[in-house]
Amino acid sequence: MTSTQTSPLRFLKGHGTENDFVIVPDAENALDLPPAFVARLCDRRAGIGGDGLLHVVRSAAHPEARHLADEAEWFMDYRNADGSVAEMCGNGVRVFARYLEHAGHVTAGEVAVATRGGVKRVHLDKDGSVTVAMGRAVLPGAAATITVDGRSWPSRNVNMGNPHAVAFVEDLDHAGTLFTEPAYAPASVYPDGVNIEFVVDRGPRHVAMRVHERGAAETRSCGTGACAVAVAAARRDGADPADTGTPVTYTVDVLGGTLVITEHPDGRIDMTGPAVIVAEGTLDPAWLAEGPANAAAPGIETVND
C-alpha cells in the first residue's frame with residue numbers, strides 16, 4: 001500500500017450544507033494515509049481545510065470493504081479531521097456520491113456506497129440534490145433536561161446510530177454561543193456524551209436548528225442531527241408515520257443550508273440535500289515532504305481512476 005515514489009497528490013474539495021471535505025481519489029487503495037497526514041490535509045490554515053476526508057477506494061481493493069464489493073463498487077473510507085477513522089457521515093456520503101458522478105464513475109440515479117456502517121443507498125437527482133437512506137431512528141425512553149444560561153428545556157432522546165438530545169426552544173439565540181457543551185441532566189442518560197440540537201418552528205413542518213456536536217462545538221450542519229430533529233418534531237406534532245400510515249416530511253434549516261427529511265411508516269429515514277464539488281488540484285510534493293521529521297508524509301503513487 002505504501003510507495004517510496006513521491007508525486008503530486010490529486011485532491012478535490014466538496015461540501016454538503018457547508019459540512020466540507022477533502023476528497024482523495026485512490027481507486028486501487030495505493031495510498032498510505034496516516035492520521036497525522038490526514039490532519040494536515042484538513043488543517044484550515046496550513047492545509048486544504050475540511051471537517052473530514054473522503055478516501056475514495058474500490059470496495060474490492062480495501063480489506064474492510066471487500067465483503068461488500070458485490071453490493072457496492074465504491075467504498076467511502078471516511079476520516080475525521082483529526083485523522084481518526086469513522087463509520088459514516090451523512091453529509092459526507094452525499095458529497096462522495098457527487099464525486100463519483102463528477103468523475104464519471106456513475107450517472108444520475110441510484111448509487112450504492114459501501115461504508116463502515118454498511119451499504120448506503122444514495123439517489124443522485126437530476127436537479128442536483130442527493131438523497132441518502134439514513135436508516136431508522138431509535139427513541140430510548142430516558143430523556144434529559146438541557147440548560148443554557150439559566151434557561152432549561154425538556155428534550156427528546158433520539159438515536160440515529162449516535163445519540164441526540166432535541167430541545168424545542170423559543171429563540172435559537174437561547175442556545176448561547178455553543179463554544180462549550182450545554183449542561184444536561186441526568187448525565188447518566190448519555191454515558192458516552194450527546195449531540196444537542198436546539199430547534200425553533202419556521203412554519204408547517206418546517207423547523208430550524210443549531211447543534212453542538214459531541215466532542216466538538218457548534219457545526220454548520222449535522223445530517224444525523226437533522227434526522228433526529230425531524231423525528232422529534234413528528235412525535236411532538238402527532239405525525240408519527242407508524243401511527244398515521246403515511247410518510248412525513250420536514251424541512252430542516254441548518255446554518256449551512258437546508259435539508260429535507262422524510263420518515264416512512266416502516267421507520268426508514270431519507271435525507272435530501274445539496275452536494276457540491278468546489279475545486280480540484282494537486283498537492284506540491286515539497287509540501288508533502290514537510291511535517292515533523294517528515295512523519296506525516298504518506299507514500300504516494302500516481303492515481304489513475
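The model is predicted, so local features need pLDDT of at least 70 and side-chain atom pairs count only at pLDDT 80 or more, while totals for chains, interfaces and linings use all residues. Residues are numbered from 1 along each chain as its sequence is written, and side-chain values use heavy atoms, with hydrogens and water left out.

Me: Why is Asp-20 called buried?
Reply: Buried means under 20% relative accessible area, exposed over 50%, and partly exposed in between (1.4 Å probe, protein chains only). Asp-20 has 10% relative accessibility, so Asp-20 counts as buried.

Me: What makes the link between the side chains of Asp-20 and Arg-44 a polar contact?
Reply: A polar contact is a pair of N or O atoms within 3.5 Å; within protein, one must be able to donate a hydrogen and the other to accept it, and residues adjacent in sequence count only if both atoms are side-chain atoms. The two side chains are joined at 2.7 Å.

Me: Which residues does Asp-20 contact, leaving aside neighbours within four places in sequence?
Reply: Contact means heavy atoms within 4.5 Å. Asp-20 meets Lys-13, Gly-14, His-15, Arg-44, Gly-49, Gly-50, Asp-51 and Gly-52 in this way. Asp-20 itself lies in strand β2; helices (H or I, at least four residues) and strands (E, at least two) are DSSP runs, numbered from the N terminus.

Me: What makes a set of residues a nonpolar core?
Reply: Such a core consists of buried Ala, Val, Leu, Ile, Met, Phe, Trp, Tyr and Cys residues joined through side-chain atoms within 4.5 Å. The largest one has 52 residues, and Leu-54, Phe-96 and Leu-100 are among those with the most contacts inside it. Helix α3 (residues 223-236) gives the most to this core, with 9 residues. A second, separate core has 18 residues, including Leu-172 and Tyr-184.

Me: What makes β8 and β9 a pair?
Reply: Two strands pair if DSSP finds at least two bridges between them. β8 and β9 (residues 151-154) have 4 bridges, in the antiparallel sense. They form a hairpin with 2 residues between them, and Asp-149 in the turn has a positive phi of about 50 degrees. β8 also pairs with β12 (residues 183-185), in the antiparallel sense over 3 bridges. Thr-145 stands opposite Pro-154 in β9 and opposite Ala-185 in β12.

Me: Which residues form the covered face of β8?
Reply: Ile-146 and Val-148 form the covered face of β8 (residues 145-148), while Thr-145 and Thr-147 form the uncovered one.

Me: Which side chain makes a polar contact with that of Asn-162?
Reply: The side chain of Thr-224 does, at 3.2 Å. Asn-162 is in the loop between β10 (156-159) and β11 (163-168).
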